[in-house]
Amino acid sequence: MTEPSTSAAHRKIIHVDMDAFYASVEQRDDPALRGKPVAVGGSRERGVVAAASYEARKFGVRSAMPSVTARRQCPDLIFVKPRFEVYKAISQQIREIFAEHTAIIEPLSLDEAYLDVTQNLQNIPLARDIALAIRAKIKEVTGLNASAGISYNKFLAKLASDHRKPNGQYVISPEMGPTFVESLPVGKFHGIGPATAAKFNALGIRTGQDIRNQTLEFLQGHFGKAGTYYYWISRGVDERPVRANRIRKSVGAENTFSSDLTSFEAMVAELQPLIDKVWGHCERTGNRGRTVTLKIKFSDFEIVSRSRTLASPVSSRAALTTRSVGLLEAAMPLPKPVRLLGVSLSSLQSEDGAEPQFGLPL
């Protein structure tokens, strides 16, 4: 990222995030669940929470938490099986509401998106009023609550939407941006995960102000290309555009097993349906990828991955199978029983060499 342009501060970006989306849909459709702690996901011993209602979050239940842990945190937790077709249909309704205001929509998932409303279709002068109108229409059409963040860039709009959750909105103006970031813990920065936050903390860097106190050279030396991004966002600067056709760079599938796997043959058998899903996406979209990645989660939840990047894209299901099984074979013998396996294909491009089109995750 180069020196920021003056026009960047005049953009109007909204980040819309549905509140506890999957769980809220289930509470909407089943009145008996309203006001109760609900987890969408598998209740079986090896299940995982896909989403938690706000009532469940008060007990520390969160997405990606093992169901056993969630049940221990909240003994009255009610598990509901996910209905992804329903969630996708509601997500489409929400996208249509966005499209009434702008064509520049960047979906991040079924339940959140960035909108560039610098020029908007209804000529509403204030972005905060556009956000209010969108949230009111979502409530009217779907019966669900949405939160929104409004700012002059994507990074701050995302922070703003978290600031007034649930069912609220917040504006971070160009004058507020740098100050808002100053006291923010690095772990709260969108795009900084636990491992990177720990690395920052080990360097004595704990807040946005601490990042801002570092030179660009220091951050690049410790964090590579990402150091440039951290340098600028610590100053409230993020010039990334809202991309109306966000390019999908990878496709993957994974599965948690009902019992741990220890034999190579059993793991190879479990890889087959995952390979089918990944290759099925490739066939539907015409996209092909050069990097095959195998994800392995052990019984103690440690995760390792193995990747191989090829000179040319994987051309067939058989080739994807060969590469995936080859990565597993190279990792054998594994030190611990395996709880989960995943296969992904990245560096995607279409068969004619063009960039891939955006599609929903598997």
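Reader: Is the crossing of α10 and α11 right-handed or left-handed?

Author: This is a predicted model, in which local features need pLDDT of at least 70, side-chain atom pairs count only at pLDDT 80 or more, and totals for chains, interfaces and linings use all residues. Residues are numbered from 1 along each chain as its sequence is written, and side-chain values use heavy atoms, with hydrogens and water left out. A crossing is left-handed if the near helix is turned anticlockwise from the far one by less than a right angle, and right-handed if clockwise. The crossing of α10 and α11 is right-handed.

Reader: Why is α10 called oblique to α11?

Author: Helices here are DSSP runs (H or I, at least four residues), as strands are (E, at least two), numbered from the N terminus. Axes are lines fitted to C-alpha atoms, for helices over the stretch in contact, with angles from 0 to 180 degrees between N-to-C directions; under 35 degrees counts as roughly parallel, over 145 as roughly antiparallel, 65 to 115 as roughly perpendicular and the rest as oblique. The axes of α10 (residues 216–223) and α11 (residues 225–233) come within 6 Å and cross at roughly 140°. That angle therefore makes α10 oblique to α11.

Reader: Which residues of α11 make the contact with α10?

Author: Contact means heavy atoms within 4.5 Å. From α10, the contact is made by L216, L219, Q220 and F223. The α11 side consists of K225, A226, G227, T228, Y230 and Y231.

Reader: Which element gives the largest share of the lining of the largest cavity?

Author: A cavity is a set of points on a 1 Å grid over the protein atoms alone where a 1.4 Å probe fits but cannot get out, and lining residues have an atom within 4 Å of a point. One cavity of 30 Å³ or more is found in the whole structure, and the largest cavity holds about 50 Å³ of space, a volume being the space filled by probe spheres set on grid points joined across faces, edges and corners. Its lining includes V16, M18, R95 and D111. The largest share, four residues, comes from α4.

Reader: Which element gives the most to the lining of the second largest pocket?

Author: A pocket is an open set of points with protein on both sides within 12 Å along at least five of seven lines. The second largest pocket has a volume of about 480 Å³, and of its 19 lining residues D17, R57, R62, S63 and D111 are the closest to its centre. With three residues, the most comes from β3.
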